[in-house]
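The sequence and the structure come first, and the description follows.

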Amino acid sequence: MRPNSQEAEYARELIPHMQAIETIKGSIADLLASAKDAGLNVKAIRAAARESVMDPDKRAKKYEDEDQLDLLRDALGLTGSQMMQAAE
């Protein structure tokens, strides 16, 4: 089965966008490698960057969930300060 001309046109239009994505992915990888070489926390950088482009409502929900998780950790004695006090 041969693709029709409309499919081929969409594919031709899509190719430059996909090439641009690959270029951007390479730039991101280079930037993160540089951050890692500088001794920075790449995981935190990625998380902050993801949050900065996240939908504001989803971001607010994420923060609310994290706040609830922190409260639960406190109640269970899983926070760093409580664990350090227990070690003393």
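Two residues are taken to be in contact when heavy atoms of theirs lie within 4.5 Å. The model is a predicted one, and every value given below is computed from it.

In this sense of contact, and not counting residues up to four places away in sequence, Glu51 touches Arg59, Lys62, Tyr63 and Glu66. Glu51 itself lies in helix 2, and with a relative accessible area of 17% it is buried, because buried here means under 20%. With one of these partners the side chain of Glu51 also makes a polar contact, namely with the side chain of Tyr63, at 2.7 Å.

**Helices 2 and 3**

Helix 2 has 12 residues, whereas helix 3 has 21. The end-to-end reach of each, taken from the first C-alpha to the last, is close to what is expected at 1.5 Å a residue, as the table shows for helix 2 and for helix 3.

| Helix | Residues | Reach, first to last C-alpha | Expected |
|---|---|---|---|
| Helix 2 | 12 residues | 17 Å | 16 Å |
| Helix 3 | 21 residues | 30 Å | 30 Å |

At the start of helix 2, a side-chain oxygen of Asn41 reaches to within 3.1 Å of the backbone nitrogen of Lys43. The N-terminal end of helix 3 is capped by Asp55, a side-chain oxygen of which lies 3.2 Å from the backbone nitrogen of Asp57. Helix 3 is followed by Gly77, which has a positive phi near 75°.

**Helix 1 against helix 2**

The axis of helix 1 (residues 5-37) comes within 9 Å of the axis of helix 2 (residues 42-53), and the two cross at roughly 140°. That angle makes helix 1 oblique to helix 2, because angles count as roughly antiparallel when over 145 degrees. Where the two helices meet, Leu32, Ala35 and Lys36 are the residues from helix 1, and Val42, Ile45 and Arg46 are those from helix 2. By class, this contact has 4 nonpolar and 2 charged residues, with no polar ones.

Thr79 is found in the loop that joins helix 3 (56-76) to helix 4 (80-87). Is Thr79 buried or exposed? At 15% relative accessibility, Thr79 counts as buried, because the cut-off for that class is under 20%. Leaving aside its neighbours within four places in sequence, Thr79 is in contact with Asp70, Arg73 and Asp74. With Asp74, the side chain of Thr79 makes a polar contact, side chain to side chain, at 3.5 Å.

Technical notes
Residues numbered from 1 in each chain as written. Predicted model: local features only at pLDDT ≥ 70, side-chain atom pairs only at ≥ 80, totals over all residues. Heavy atoms only, no water. Helix = DSSP H or I, 4+ residues; strand = E, 2+ residues; numbered from the N terminus. Buried < 20%, exposed > 50% of the residue type's maximum accessible area, 1.4 Å probe, protein only. Polar contact = N/O pair within 3.5 Å; in protein donor to acceptor, adjacent residues only side chain to side chain. Axes fitted to C-alpha atoms, helices over the stretch in contact; angles between N-to-C directions. Parallel < 35°, antiparallel > 145°, perpendicular 65-115°, else oblique. Nonpolar A, V, L, I, M, F, W, Y, C, P; charged D, E, K, R; others polar. Expected span 1.5 Å × (residues − 1).
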